Amino acid sequence: MDRYVIEVTDAELTLLTSALRSYLADFGHDEADLQRSVKELLAKLPDPEPAG
């Protein structure tokens, strides 16, 4: 399995997290494998820092 490292700002991390959660919310019961993959990806992301 290849691994990649990307650097994102707090704002970009917030956007990425929100986008993945929205993407996840659009799936039905037939896409269980895709739901699992998105949930695993979200679990790898740190919580975004609150905007200050």
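Which exposed residues does the face of helix 1 turned away from its buried side carry? They are Ala-11, Leu-15 and Ala-25. The model is a predicted one.

**Helix 1**

Helix 1 covers residues 10–25. Its 16 residues should span 22 Å at 1.5 Å a residue. The end C-alpha atoms are 23 Å apart, which agrees.

The buried residues in helix 1 include Leu-13, Thr-17, Leu-20 and Leu-24. They cover an arc of only 65° around the axis, so they sit on the same side of helix 1. An α-helix has 3.6 residues a turn, so residues three or four places apart point the same way. Helix 2 is part of what covers the buried residues of helix 1. Helix 2 runs over residues 32–44.

Thr-17 is found in helix 1. Is Thr-17 buried or exposed? Its relative accessibility is 5%, and buried means under 20%. Thr-17 therefore counts as buried.

Leu-45 lies in the segment after helix 2. Leu-45 and Thr-14 are 31 residues apart in sequence. In space, their C-alpha atoms are 10 Å apart.

The table gives the contacts of Thr-17 and Leu-45. Neighbours within four places in sequence are left aside for Thr-17 and for Leu-45.

| Residue | In contact with |
|---|---|
| Thr-17 | Leu-42, Leu-45 and Pro-48 |
| Leu-45 | Leu-13, Leu-16, Thr-17 and Leu-20 |

Leu-13, Thr-17 and Leu-20 are among the contacts of Leu-45.

**The largest pocket**

What is the volume of the largest pocket? It is about 420 Å³. The lining of this pocket consists of 14 residues. Tyr-4, Ile-6, Leu-41, Lys-44 and Leu-45 lie nearest the centre of the pocket.

Two elements give two or more residues to the lining: helix 1 and helix 2. Helix 1 supplies the largest share, three residues. By class, the lining has 11 nonpolar and three charged residues. No polar residues take part in the lining.

Key. Residues numbered from 1 in each chain as written. Predicted model: local features only at pLDDT ≥ 70, side-chain atom pairs only at ≥ 80, totals over all residues. Heavy atoms only, no water. 1 Å grid on protein atoms, 1.4 Å probe; cavity = no way out; pocket = protein on both sides within 12 Å on 5 of 7 lines; lining within 4 Å. Points joined across faces, edges and corners; volume = space filled by probe spheres on them. Helix = DSSP H or I, 4+ residues; strand = E, 2+ residues; numbered from the N terminus. Nonpolar A, V, L, I, M, F, W, Y, C, P; charged D, E, K, R; others polar. Buried < 20%, exposed > 50% of the residue type's maximum accessible area, 1.4 Å probe, protein only. Contact = heavy atoms within 4.5 Å. Expected span 1.5 Å × (residues − 1). Arc of directions from axis to C-beta.
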